[in-house]
Amino acid sequence: MCGIFGYVGAKNNAALMTLEGLKLLEYRGYDSWGIAVKTKGKLVVDKHTGKIGEAKTVLPQSTIGIGHTRWATHGGVTVKNAHPHMDCTREIAVIHNGIIENFLPLKKDLEKKGHVFISETDTEVFAHLVEEYRKTEPFSKSVRKAFNKIKGLNGIVALDASADEIIAAKTGSPLIVGKGQDGYYIASDSSGILPHTKELLFLKDNEMVILGKTFTLLSLPNGDRLTPEFVKVDWKIQDSTKGAHKHFMIKEISEQPKVVRNIAENYHDQIENLARVISIAKGTFFIGSGTAFHACLVGTYLFSKIVKKHVNTAVASEFNYLEHFLNNRSLVIALSQSGETIDVVEPLVRAKQKRSKVFAITNVLGSTIYRLADYKMLLGAGPEKAVASTKAYIAKISLLLLLSYAMIGEYKKGKEMLLLAADEIERLLREEYIREFKKIATVLNKTEHIYTIGRGFSYPTCLEAALKIKEVSYVHTEGLAGGELKHGTLALISPGTPCIVFAPQDETYEAIISNATEIKARGGVIIGVSPFRSEIFDYWIEVKDIGDATLIPMAIPAQLLGYFLAVKKDLDPDKPRNLAKSVTVK
Ligand code: F6R
């Protein structure tokens, strides 16, 4: 979380480059932003609340600058709390990603020594700590000492008015250095650097770099010099503009047929390899967070029904408490769009300590999870910019369907099903359907609560549908297994409560229609997603039956309903309040 960008070199437009870099990283946090540059031996800082969007900066020309786009953890969204943060002398500027867990005792100690704090953030402590050490030590040594004093998983970049250097260090959050022809770049993910250079160094935990006219890599704990291993990547800067679309979310929804076809056509060897790795493992675990967890759950149902094999699924942040039995024959498969989610990274590190094998399925080449894994597969969905995940989810469940068929030696059948799924998604995106989705969104706009129900394959679908609708529209939406209704939630249904019912043509059809009837009897409004027009549906969204692959197009209606509901409410579906695309704090 939080976007970090910095530049030092021969170019004198550091502020502008930092601003453009932050725009590329804004999806990581968009509460507020700020930039610091050094000019005539002084640091000049420009900070704002709100999204960076089309912002301009009035900062002077400079050859060195750092910037940050924030997702608030400590302290509200104010200009004071925006980064960079400075010390009392205003000679040190600091930007930060992570949480300084011991900031309170450090702050108290520094206050006793006379330091005056301006913000409520944990980050500001770091600037004052460096100030304290810098009274007797050079800047770089002060930063190292300060870093060794703080606790938690952090990535910090610092600037000093009296040095032409950027210093960066990390113990958790990602930081990547780029070596360009005319200087060095630093960013919290490679997408900020790739427009400038493809020669990258992925900082490891407990490393520190000094970037200036020269480059120095040090060990954080003891200050020993390390040899940097820059890698030349041939990654393309993939198109990540909205094009003709009003929002990234709708653009990404509309790209889904292409994403599914790409998987159907191009993943044979990779899927067969994953099938082989699973078949030799003793115990397979799928882990992910949020939408990615729902994809994991889809995997469990697919493996049970198609492969007749039990695979375990856990919410990644809970896996820390459920992994006592992992051993060197276990396989942990991590699903993560960003490849940076700390809740996924942590259990993977622990799994590796137990010598289990780790397989990463992610959308971002070079991400932390990608680099950490023993085996890796890219989703190939292209950049996903909207905070609400759509095409990455569809890519994940498409891969899992193909994998399930590969596991039983029927890859070709899986591929054919995926091609049908792509066609069905395309049909749902046709204008006449879009009109229908907009109409149903108008109905949903009048309510405070929505429920979604499903059984079997449609259980993860209804959980994902609820997440998608609530996170972009802020309307409370709860997904539950159809059978669970009568165990409590039915008490909340009152006349007019909308309920989205997933009723595919499978073994769940009759039971889920019967659950829907129970809701209808209490005055609920039924929105049926099904190949059949049941008489109990008040609204019907037709999703054709394509066998097991039906679960892929079944996910589309809630994406569109959530999107149109957000638009109706005049919300920005790309940047829901309080959220960020890449969740790198616990
Ligand atoms: C919801 C959403 C989140 C992410 C979750 C994990 O639409 O996008 O729930 O799925 O934060 O992110 P990744 O997949 O990047 O690990």
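**Salt-bridge close-ups in a predicted model**

**View 1. Lys141 and its partner Glu137.** Lys141 has a relative accessibility of 37% and therefore counts as partly exposed. In this predicted model, Lys141 pairs with Glu137 in a salt bridge. The closest N and O atoms of Glu137 and Lys141 lie 3.9 Å apart.

**View 2. Glu20 and Lys23 in helix 1.** A salt bridge links Glu20 to Lys23, with 3.6 Å between the closest N and O atoms. Both residues belong to helix 1 (residues 14-25), and because they are 3 residues apart there, about one helical turn separates Glu20 from Lys23. Glu20 is partly exposed, at 40% relative accessibility. Lys23 also counts as partly exposed, its relative accessibility being 25%.

**View 3. Lys412 and Glu416 in helix 13.** The side chains of Lys412 and Glu416 form a salt bridge, at 3.6 Å from N to O. The two residues are 4 residues apart in helix 13 (residues 411-428), so the separation between Glu416 and Lys412 is about one helical turn. Glu416 has a relative accessible area of 43% and is partly exposed. Lys412, with a relative accessible area of 60%, is exposed, since the cut-off for exposed is over 50%.

**View 4. The network of Glu91, Arg134 and Asp160.** Glu91, Arg134 and Asp160 belong to one network, joined by salt bridges that share partners. Side chains of opposite charge can pair when their charged atoms come close.

Notes:
Residues numbered from 1 in each chain as written. Predicted model: local features only at pLDDT ≥ 70, side-chain atom pairs only at ≥ 80, totals over all residues. Heavy atoms only, no water. Salt bridge = Lys/Arg side-chain N within 4 Å of Asp/Glu carboxyl O. Buried < 20%, exposed > 50% of the residue type's maximum accessible area, 1.4 Å probe, protein only.
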